[in-house]
Amino acid sequence: MKVTDHIEKANGKTLFSFEIIPPKKGKNIQELYDNIDPLMEFQPPFIDVTTSREEFVYVERDGLYDRQITRMRPGTVGICAAIKHKYNVDTVPHVLCGGFTKQETEYLLVDCQYLGIENVMALRGDAMSHQRYFEPADGGHNFATDLVKQIKNINKGRYLHDVVETDHLSDFCVGVAGYPEKHMEAPSLKSDLKRLKEKVDAGSDYIVTQMFFDNSKFFEFVKEARAMGINVPIIPGIKPVAVKKHLQLLPQVFKIDLPEELINEVEKCKSNKEVREVGIEWCIKQSKELMDFGVPVLHYYSMGKSSNIEKIASAIF
């Protein structure tokens, strides 16, 4: 079932969902299952699985180091299929511009259709670590808007090199990212919302936001988006603070602000165990307020660890 169908079927009730990352190469999927198992009692209608883009590693050969491209966490579509089969739940693979050609994207979408995966999250992706700015793969998309257009074209039987007449067209429901505190590369929130509307006008069916810790910023974001004519469901993405280092790491990586009240509470903690509890309590409070606001789904960034998400969900659902 499509994400939008799940939302409609819920008839105003806030749903629970979460996002996981694939294990690194050589790891067993059972560890992933062990972290998903405790969260299934909260009946998530869908689970997101991230995609990692390529990165460089240096391999020694004859005393010299040769730079090679690798993917440390492959297997997104395979994991989606495994989870769908094991738990009978819809899965949402993330599809990136970065590191993928248009042809590779087409093949990935064909695989998803064969596996009965009806939802995809279309993202531009980040620049590689050695790049100052994002650079598309040779033959790849530069913007998520173009990726959305490719997915929607395939839904109409329009592939890269031919048009297919068939009674078995795909019908992907497409999610895109929104940024309550604006994308780090956007000159202003207003301009970032214009880019978001372009993605919606291209055919996006729903929006999932980047993490935020101040609900007032999400409320203002939704207000401004609606005023601009963005009428698809907007799902808040939420992540609990778990370690003291998050005070520096999250603003640095995601260019977001943390509320002073949360900062003060974390700084009082003498251990990361205490920080974890502060993060859980803050996230419960944040989730309840968002639920009162009427959000369609509370979407948690679990990063493959479920114990804190389980405590939060137990208090909310």
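A crossing of two helices is left-handed if the near helix is turned anticlockwise from the far one by less than a right angle, and right-handed if clockwise. I wrote that down before opening my notes.

**Ground rules.** I am looking at a predicted model, where local features need pLDDT of at least 70, side-chain atom pairs count only at pLDDT 80 or more, and totals for chains, interfaces and linings use all residues. Residues are numbered from 1 along each chain as its sequence is written, and side-chain values use heavy atoms, with hydrogens and water left out. My helices (H or I, at least four residues) and strands (E, at least two) are DSSP runs, numbered from the N terminus.

**Entry 1: α10 and α11.** I looked up helix α10 (residues 272-293) against helix α11 (residues 307-316) and found α10 passing α11 in a right-handed crossing. Their axes are 9 Å apart, at an angle of about 40°. Axes here are lines fitted to C-alpha atoms, for helices over the stretch in contact, and angles run from 0 to 180 degrees between N-to-C directions. The pair is therefore oblique (under 35 degrees is roughly parallel, over 145 roughly antiparallel, 65 to 115 roughly perpendicular, and the rest oblique).

Which residues of α10 meet α11? I listed Arg276, Glu277, Ile280, Cys283, Ile284, Ser287, Lys288 and Met291, which meet Ser307, Asn308, Lys311, Ile312, Ala315 and Ile316 in α11. Contact means heavy atoms within 4.5 Å. By class, I noted 7 nonpolar, 3 polar and 4 charged residues in this contact (Ala, Val, Leu, Ile, Met, Phe, Trp, Tyr, Cys and Pro are nonpolar, Asp, Glu, Lys and Arg charged, and the others, Gly among them, polar).

**Entry 2: α4 and α5.** Next I checked helix α4 (residues 102-114) and helix α5 (residues 144-155), whose axes come within 11 Å and cross at roughly 45°. These two are therefore oblique to each other, and their crossing is right-handed. From α4, Lys102, Thr105, Glu106 and Leu109 meet Leu147, Gln150, Ile151 and Ile154 in α5. That contact divides into 4 nonpolar, 2 polar and 2 charged residues.

**Entry 3: two strands.** I then followed strand β7 (residues 173-178), which pairs with β8 in the parallel sense over 4 bridges; strands pair if DSSP finds at least two bridges between them. Gly178 stands opposite Thr209 in β8. In β8 (residues 206-209), Tyr206 and Val208 point one way, Ile207 and Thr209 the other, and all are buried.

**Entry 4: Gln252.** Is Gln252 buried or exposed? I found Gln252 in helix α8 (residues 246-254), and at 56% relative accessibility Gln252 counts as exposed (buried is under 20% relative accessible area, exposed over 50%, partly exposed in between, with a 1.4 Å probe and protein chains only). Gln252 and Tyr301 are 49 residues apart in sequence and 18 Å apart in space, C-alpha to C-alpha.
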